[in-house]
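Have a look at the model first.

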Amino acid sequence: MADKIPLLTPYKMGKFELSHRVVLAPLTRQRSYGNVPQPHAILYYSQRTTKGGLLISEATGVSDTAQGYPETPGIWTKQQVEAWKPIVDAVHAKGGVFFCQIWHVGRVSNTGFQPNGQAPISSTDKGLLNQFMKDGVNDRTDEFGGSLENRCRFALEVVDAIVKEIGADKVGIRLSPYADYMQSGDSNPKALGLYMAEALSKYKILYCHMVEPRMKAVGEKVECPHSLVPMRKVFKGTFISAGGYDMEDGNNAVAENRTDLVAYGRLFLANPDLPKRFELNAPLNKYNRETFYTPDPVIGYTDYPFLETTA
């Protein structure tokens with residue numbers, strides 16, 4: 001049956017042999033107390049791991065100035081790095097592929113999250129790598145502002161540095177050219193997306209993960225004439241699409257070669273066995289939006305039932 005379901009066909013992503021194309025999207029869960037990953041995250045990620053499945057971690061802060069949301073994980077101290085290890089080991093033990101999404105929230109912060117109550121660090125006093133790229137935020141007049149090339153310079157310099165450190169075969173990036181989160185929009189998102197897709201291809205990074213134009217605001221799906229297809233055609237590595245997909249949308253996107261992989265957020269959150277449910281065309285658990293960001297280590301985190309439990 002899986003042979004007839006595009007989402008469940010195997011895919012080779014660089015050196016990684018994926019058994020299906022259903023990806024766990026990076027989801028902010030706010031259960032890493034004191035910015036340290038907790039033991040309950042072992043269960044959360046291992047529940048959603050299949051042999052040959054790809055998981056992308058909750059966005060993880062790169063420094064003590066990177067925070068903008070409470071109880072999100074970090075990876076800048078030895079304690080944090082050690083806390084991540086058993087989580088990663090649990091995913092690997094089940095045959096999963098695990099990428100850590102790192103971030104700096106830039107202006108989406110306030111003095112309460114910053115060391116010594118200082119002002120947040122960003123591209124400008126209005127503004128993340130995203131905030132450098134968007135002309136709705138970036139008002140710099142130096143080599144990191146103004147033209148499209150200048151606005152994308154910082155993001156590409158970060159990619160270049162990481163590629164040199166760990167190798168392009170272990171590097172991916174998530175971009176949201178069409179999004180307008182926190183008033184961080186761009187006047188020509190298609191040009192931005194195309195420029196970044198083409199520039200990133202030169203670094204030969206493993207994947208480019210883009211959010212669909214229809215997701216202009218968090219959790220809000222709107223009718224939109226634009227698509228990610230132009231960027232998908234330009235980018236030479238693995239292309240991952242995200243944003244409001246159900247099973248039918250995902251199957252069509254893969255079957256029509258509009259993407260290689262599809263990242264699922266809320267559906268995967270509520271259905272830890274999502275690939276199995278897709279295979280059986282089984283009913284899905286409904287997600288509870290009210291428990292997305294509660295700090296409870298179980299409720300809304302590891303308590304969504306598996307298909308066998310439901311049955």
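Is Thr-238 buried or exposed, going by its relative accessible area? Thr-238 is buried, at a relative accessible area of 4% (buried is under 20%, exposed over 50%, partly exposed in between, with a 1.4 Å probe and protein chains only). Keep in mind that this is a predicted model, where local features need pLDDT of at least 70, side-chain atom pairs count only at pLDDT 80 or more, and totals for chains, interfaces and linings use all residues. Residues are numbered from 1 along each chain as its sequence is written, and side-chain values use heavy atoms, leaving out hydrogens and water.

Thr-238 sits in strand β10 (residues 238-242), strands being DSSP runs of E with at least two residues and helices runs of H or I with at least four, numbered from the N terminus. Leaving aside residues up to four places away in sequence, Thr-238 touches several residues, including Tyr-11, Met-13 and Asp-260 (contact means heavy atoms within 4.5 Å).

Now for the rings. The structure has 14 aromatic pairs: rings of Phe, Tyr and Trp (its six-membered ring) with centres within 6.5 Å, called stacked with planes under 30 degrees apart, edge-to-face over 60 and tilted for the rest. Two of them:

| Pair | Centre distance | Plane angle | Type |
|---|---|---|---|
| Tyr-45 and Phe-98 | 5.0 Å | 55° | tilted |
| Tyr-287 and Phe-292 | 5.6 Å | 45° | tilted |

Tyr-45, in helix α1 (residues 40-47), and Phe-98, in strand β6 (residues 97-99), are 53 residues apart, so to speak a link between distant parts of the chain. Both Tyr-45 and Phe-98 are buried. Phe-292 is buried too, at 6%, whereas Tyr-287 is partly exposed at 32% relative accessibility.
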